[in-house]
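Hi,

Here's the structure I promised to pass on. Have a look at it first, and then read on for what turned up.

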Amino acid sequence: GLGDVYKRQVSGSHARKWRLMFAKNGFIYPQVKKKDGQQEDLGKLDDITPFGRAFLNADNYAAVQECFLRAMSVEQFPLPDGEHYFSPLRWLLAIMLELEKRTGSSELSRIEFALWGHTTNPSYDLESVVDNILDLRQRRAAAPAKRAFDKKEIAKRGENYDKKSDNFLDYSDMNMRYLRISGVLQRKGRGLMIVPTKHILAEKIAKVTASKGPIIEQYRLLCGGAPLPTDNVDVAKTLLDDLMKQMKERHILFDITDLPLDTAAEINIARRRLENILAQTDEIQYAKDQCNQWQEIRDYMSLIIKGGGKLVYDEDNAIEVPKDEMPAYLEWILWRAALAIDHMINEPYEVRGFKLDSDFLPVSAAGGGKGDLYCEFEDFTILTEVTMSTSSRQEAMEGEPVRRHVSDAVLKYDKPVYGMFIAVRIDTNTAETFRHGIWYTKDDAKQRLDIVPLTLAQFQKYFVAMFEADKATPEKLRDLIVKCESRRDILEAPAWKQYIDSTCLLYTSPSPRDRSVS
């Protein structure tokens, strides 16, 4: 559990950071300084807190977000005067709401966040912080070279800031990520905005002043699970009513007549059901738009092929694949590719096995026990399995589960099932296993499975060619699978891999003669 993760980390080089993050979020008891009180009045240093146990029991993403929201609402960051404490989330929401009051939008761009968001606190005057943001915005809009402009602004603001001016941008992406985990903020370009359905909550949490109470009181609040406005029946009801109003305006159907609405907890359960319906509706919209996003999908694939990193289109648009989240991003980008090819008869959220955040980015890789992507079309189903594994262990880790998943799908669907296995590199032993593609069901019925191993680069080439020729259809994808399989019985694995590669190339070659093959 959490304790074991923590113990394992303490011996490693990340120990300090892990311990700090666990304590900052109230999952373990933080250290009480002598001047602030007695450690035993709070709890044994590093023991798991009641809130830590609640976090362990959070079994869905919304519940996890709520834990982070509770933790972030606690005022435990010291102001320069050494007497007051503030919550960066509450302060930032106050800035964004004031911005919205003046401009009609809560949007805060990356450079605005860097210079006047995470580098300010309630010892600043809110009005003048917002004046500075709007002044920066106006001058930046008029500046011909944005990058040079930003550099100059950072240097200028750095003169009156007590930490290294590199900090402005270096930490801003990470800090925005922390803030987004609260579920109250989402991406807007490379910056932030308030989640529309969480607007009332944001108003209730926002706070311009810091607290003067003793820090040990804040720690007590933190470790027991800080209260949220939604714990109050009236506030919970207001939020639910607001959400129902937003959904009616968008003509989204819902029904909560079967749910009791007497306590705050019950009202919040009803609200979560509606938030879920809303998220699914938004996801269907997102899915429809993917065919217009094929270039971005291609670029994400390129980032994964080269091992992660960032691609900056311009100062306000960039995409990133964090190195330690590659498996999740690989699965996610192939889900997007499938949505772009379109014509599925199952819903986008039924295709994927992984979770999404409010910006449709992956939260974590799919759980075990099921295939990665189930794309069901009118006349056939394509099951896509992905792995980041590239060594000879690939066959051991993926050979059995992939064949088993495809076999299960064959039994489940009364239409042909094709398997696509995608990795950055395909080990020849994996190719050999799929070349035979034999699987025996529980009652010893022998199946011959259709599974084609493709490298991400091969799939990417084919994917791009379909869109460039304006011929992206599921049938085209099936044609590729069938063609790749046509030689599997007469070729050895190395030659079959070669044949798959040249087939991908043949299908994507520009000459009209070859195009007619497809």
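A cut-off before anything else: a residue counts as buried when its relative accessible area is under 20%, and as exposed when that figure is over 50%, with partly exposed in between. By that rule Arg-488 is buried, because its relative accessibility is 5%. Keep in mind that this is a predicted model.

Salt bridges

Arg-488 pairs with Glu-485, and their closest N and O atoms sit 3.7 Å apart. Glu-485 comes out as buried too, since its relative accessibility is 10%.

Another one to look at is Asp-150 with Arg-140, where the side chains meet at 2.9 Å, N to O. This pair links distant parts of the chain: Asp-150 belongs to helix α9 (residues 146-158) and Arg-140 to helix α8, ten residues apart. Both Asp-150 and Arg-140 are buried.

Then there's Glu-127 with Arg-102, a salt bridge of 3.2 Å from N to O. Glu-127 is in helix α8 (residues 126-142) while Arg-102 is in helix α6 (residues 88-103), so this contact ties together parts that lie 25 residues apart in sequence. Buried or partly exposed, what would you guess for Glu-127? Glu-127 is partly exposed, at 41% relative accessible area, and Arg-102 is partly exposed as well, at 33%.

A loop arginine

Arg-352 sits in the loop between α18 (348-351) and β7 (355-356). With a relative accessible area of 16%, Arg-352 falls on the buried side of the cut-off. Its side chain makes a polar contact of 2.7 Å with the side chain of Glu-283. A polar atom of the Arg-352 side chain also lies 2.5 Å from the backbone oxygen of Phe-354.

A nonpolar patch

Last, turn to the surface around Met-174, Tyr-171 and Tyr-178: these residues make up a nonpolar patch, with about 280 Å² of accessible area together. Met-174 is part of helix α11 (residues 172-180), and it counts as partly exposed because its relative accessibility is 37%.

Over to you!

Note on methods
Residues are numbered from 1 along each chain as its sequence is written. This is a predicted model: local features need pLDDT of at least 70, side-chain atom pairs count only at pLDDT 80 or more; totals for chains, interfaces and linings use all residues. Side-chain values use heavy atoms; hydrogens and water are left out. Patches are made of residues with over 30% relative accessible area and no salt bridge: like charges are joined within 9 Å, nonpolar side chains (Val, Leu, Ile, Met, Phe, Trp, Tyr) within 5 Å. Accessible areas come from the Shrake-Rupley method with a 1.4 Å probe; for residues, only the protein chains shown count as cover. A salt bridge is a side-chain nitrogen of Lys or Arg within 4 Å of a carboxyl oxygen of Asp or Glu. Helices (H or I, at least four residues) and strands (E, at least two) are DSSP runs, numbered from the N terminus. Buried means under 20% relative accessible area, exposed over 50%, partly exposed in between (1.4 Å probe, protein chains only). A polar contact is a pair of N or O atoms within 3.5 Å; within protein, one must be able to donate a hydrogen and the other to accept it, and residues adjacent in sequence count only if both atoms are side-chain atoms.
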